[in-house]
Amino acid sequence: MPPEERRLYTVLRQVYASALVNGPFAIIFAHNEGMVGVNDRIKLRPMVAARKDDFLYISSEEAGIRAMCPGPDLVWSPRAGDPVIGRLGHDEVIGAPGERPAAEVTYARS
Amino acid sequence: MPEVRLDTEEALAEGEAEITSDRRAGHSEVLPLYSPPEFTWTNDVDKCRRCKRCIMQCGWKTLSWQDRVVPDHSKCVGCHRCEATCPEQCITVRPNAQHFKPHALWSLGHRKNVWRQADTGGVLLTGMGNDQPYEVIFDHLVLDACQVTNPSIDPLREPMELRTYLGKKPESVEVEMGPDGNLRARTRLEPNLELATPILFAPMSYGSISLTAQKSIAMAAAECGIAWNTGEGGLHEEVKPYADRAIVQCASGRFGVHAGYLNAGAAVEIKIGQGAKPGIGGHLPGEKVSLDVSQTRMIPVGSDAISPAPQHDIYSIEDLRQLIYAIKEATQYTKPVCVKIAAVHNVAAIASGIVRAGADMIYLDGFRGGTGAAPTVIRDHLGIPIEIAVAVVDQRLREEGIRNQASIIAAGGIRSSADMAKAIALGADAVAIGTAALLALGCTLCQKCYTGRCSWGICTQDPELTRRIDPRVGSQRIANLVRAWSAELEEILGALGLNAVESLRGSRERLRGLDLHAGTLEVLGVKPAGVGA
Amino acid sequence: MTTLPKEIEPIARARIDAAGLHYRELNARIREAIAAGEREIKLANVNGQRYIGAGVAGDVRIEIHGVPGNDLGAFMDGPTVMVHGNAQDAIGNTMNGGKVIVHGDAGDVLGYGMRGGRILVRGDVGYRVGIHMKAYRTQVPVLVVGGNAGDFLGEYMAGGLLVVLGLQRRRGQPLVGDYCATGMHGGTIYLRGEWERSRIASNQVAARAAGEDDLRELRPALEEFCAEFGLDVERVLGEPFARLTPVSHRPYGGKYAA
């Protein structure tokens, strides 16, 4: 890991230590610009994602996705700790295989 | 030790004769005060190898040789060095059965103290920490464990983070784009002290303890990736190699303090007080200021080393701030500055002031904290328990929104990993251990440190005694202790369902009180057992 | 259920349309079919029904079209279950015997406490796969992964055979994740191709290049795997394999004071 990146993670860890979420979790939340799914660092709870055309699906089970969308273009298991982020108006899904993982993506100031 | 005459028939007869003759002469004479020895020494004569090792091992010259080992019970302090080193294990040191009429108020200890003070007119001295039967709050606190709704974590398989950073943390982190297109932190962190596990060693000066003992502690700190503390004895050449893991102390006597010293360590600590003797200073008698001690403390040989009660340049919180920044300037803002205080009634307000004065860490020393020498009355009756001090300081700093500006170190009677976990749950970032580290070196808590005759070689400067500690062995024993407690802390965190020790810090919700007064529970911020979340 | 002409009753029993069926109903029908003597059962339109094959014993073959729910083949003892597609989590939990074949990817916690039988997955598997596999007398469990695996593979392994082949590596994807074989005290793991040494605790797990004898030991499992999925076993064996074994049978012996 490049030293600046290492330093960033170390500083974040030092300053926000009390905000660490412990234990197993799989959280999906949506806001008015999109949807985020994220697991704990060692994926103790299930999470699966899929896309078809311009739809992103996140669920705890693949069967759940297929109940709504029988033939997705791509189904994948997100990596532990790496969020899956879909934004309205953006074709790229962060955290999908073949896409750049979340850590590499920079955020433009809106 | 008070003089006791042996009860031979001769002496009794002598005494009788004296009294009879004095009565005749018109004098009234009081019999010498009888204070029974605290311990009795016996050995199994059949097993005794007559090697005389016990005689040599005793630092208090309790034993002599008259065709067999003969003890002077009055000199025995119950340190058990002779027992531990007897090749036949045929020595027994027992408390002397005291057959004085029992009294619920006037314990035999109180009676003996009055007799001694009548003899000497002096202040009674003692060593180590408060041994009186005040309630131990740690023993009335229990920790939570996970069942069902929040599964426990297996420390054998999952990453368990004990690493702790002591120092100032900013309010938030600002992130920016670097010139190479990568994200980086714009916020610069103030210097922090990194510990591999939330344990450090309490200040114990060279002078109060031997150099071999201090070196054992310094080496163990380096091996375990934690920190040790020079105490107010300065930094001896032999422990300079471990200076990068040392907190160098700046105390009222300013012994050995110069710019090089301040810059040699990983952090600087201003000592205002300690739990064993809050509000009073220290006194290393001239006899203990050997050539070596004199060089390290930068004072003349044989001169008393007096640490005045207050630091004479700190008479207000503004003065403290001035000293803190003087040190930061002298170290060019590269070292975190710690302020050590005894836990007293107003500790929360004092701590708040100290943090606002610019301290990066606060070291709280509870009333069970140890020392090489202190007046017994001060040690046993001043100060408050560390459990309460940590809870109220953590709470006050959080209420004032300044908890991130300094880390809290809890000390004073931390006996086990359980005490450590509870102290962290009450609000401490880390714990400091003094007595426990010395116990690891062989100390048996006989509380005679102030005599300088420690048979275990720990708190003495007599080369015959200090050579009994080999730092290579001593440091291993202390490192073992730190490793064992760290492994136990991982087990405790796992049972709590936590991956990192910071998640336990200040989490009073994971503690419950058993048989504590409602008032104490409220001060601690802890619920009684049985009450849910 | 409507009554059917006797001639097509066996066909109806042996072909179950799972669409809209709760898992209790589906599994009850499977057991009925087996009790009636069916040895080949096909399930169509399966989507998320759990516990298929759970606790089922005997020489039966169940074919699944669709995505079965969690706990496929849990506590199973003997049947062969084939999935034409992806499968989910907790396959073969405490499996005693039999075979589970997945023509796709599978999820987390596969083969937990497996004591015998085989689990063969064509694609990738998730986290905590093959935990505490154990062998007992003649029963030796085998778990073969055609793709990659996540963290905690083969944790606490006590016996059996675990193989990861990495046949379809995506860009930058590691063969196995972190904490691989932590607490291993029995059994053997084979990893094919490139992988990072830092993924295993070297004080608990010994890794070396697999030799001729080792590959002979491995061959039967790979032949079975390749036969199921129509692959060339010689090509699979053509890449170098690493063989992982435990350093001690008491990996945590030194942790506690007597």
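The questions and answers below walk through parts of this predicted model.

User: Into which domains is chain B divided, and how far apart are the centres of domain 2 and domain 3 of chain B?
Analyst: The domain assignment of chain B gives domain 1 at residues 1–30, domain 2 at residues 33–122 and domain 3 at residues 164–506. Domain 2 and domain 3 of chain B are in contact through nine residues of each. On the domain 2 side, these divide into four nonpolar, four polar and one charged. Taken over C-alpha atoms, the centres of the two domains are separated by 35 Å.

User: In what order do the strands of the eight-stranded open sheet of chain B lie, and which are the edge strands?
Analyst: The pairing in this sheet is parallel, and the order of the strands in chain B is β11-β21-β20-β18-β17-β14-β13-β12. An edge strand pairs on one side only, and in chain B the edge strands are β11 (199–201) and β12 (228–229).

User: Which residue of β17(B) is the bridge partner of I270(B)?
Analyst: Strand β14 of chain B, residues 267–271, pairs with strand β17 of chain B, residues 337–342, in the parallel sense over four bridges. Across this pairing, the bridge partner of I270(B) in β17(B) is V339(B).

User: Against which elements do the buried residues of α9(B) pack?
Analyst: Helix α9 of chain B covers residues 347–356, and its buried residues include V347(B), I350(B), A351(B), S352(B), I354(B) and V355(B). After α9(B) comes G358(B), whose phi is positive, near 110°. The buried residues of the helix pack against four elements of chain B, namely α8 (317–330), β17, β18 (361–365) and α11 (386–399).

User: Why does the end-to-end distance of helix α15 of chain B agree with its number of residues, and how far apart are its end C-alpha atoms?
Analyst: Helix α15 of chain B has 26 residues, 471–496, and is followed by G497(B), whose phi is positive, near 75°. At 1.5 Å a residue the helix should span 38 Å, which agrees with the distance in the model, because its end C-alpha atoms are 37 Å apart.

User: Is L156(B) buried or partly exposed, and which residues does it touch?
Analyst: L156(B) is in the loop between β6 (141–143) and β7 (164–166) of chain B. Not counting residues up to four places away in sequence, L156(B) touches G183(C) and Y252(C).

User: How many residues of chain A are in contact with chain B, and how do they divide by class?
Analyst: The contact joins 17 residues of chain A to 24 residues of chain B. By class, the chain A side has nine nonpolar, five polar and three charged residues.

Technical notes. Residues are numbered from 1 along each chain as its sequence is written. Chains are lettered from A and ligands numbered from 1 in the order in which they are written. This is a predicted model: local features need pLDDT of at least 70, side-chain atom pairs count only at pLDDT 80 or more; totals for chains, interfaces and linings use all residues. Helices (H or I, at least four residues) and strands (E, at least two) are DSSP runs, numbered from the N terminus. The expected span of a helix is 1.5 Å times one less than its number of residues. Two strands pair if DSSP finds at least two bridges between them. Two residues are in contact if their C-beta atoms, placed from the backbone, lie within 7 Å. Ala, Val, Leu, Ile, Met, Phe, Trp, Tyr, Cys and Pro count as nonpolar, Asp, Glu, Lys and Arg as charged, and the others, Gly among them, as polar. A residue is buried if 20 or more other C-beta atoms lie within 10 Å of its own, exposed if 12 or fewer, and partly exposed in between; C-beta atoms are placed from the backbone. Domain bounds come from an automatic or database domain assignment.
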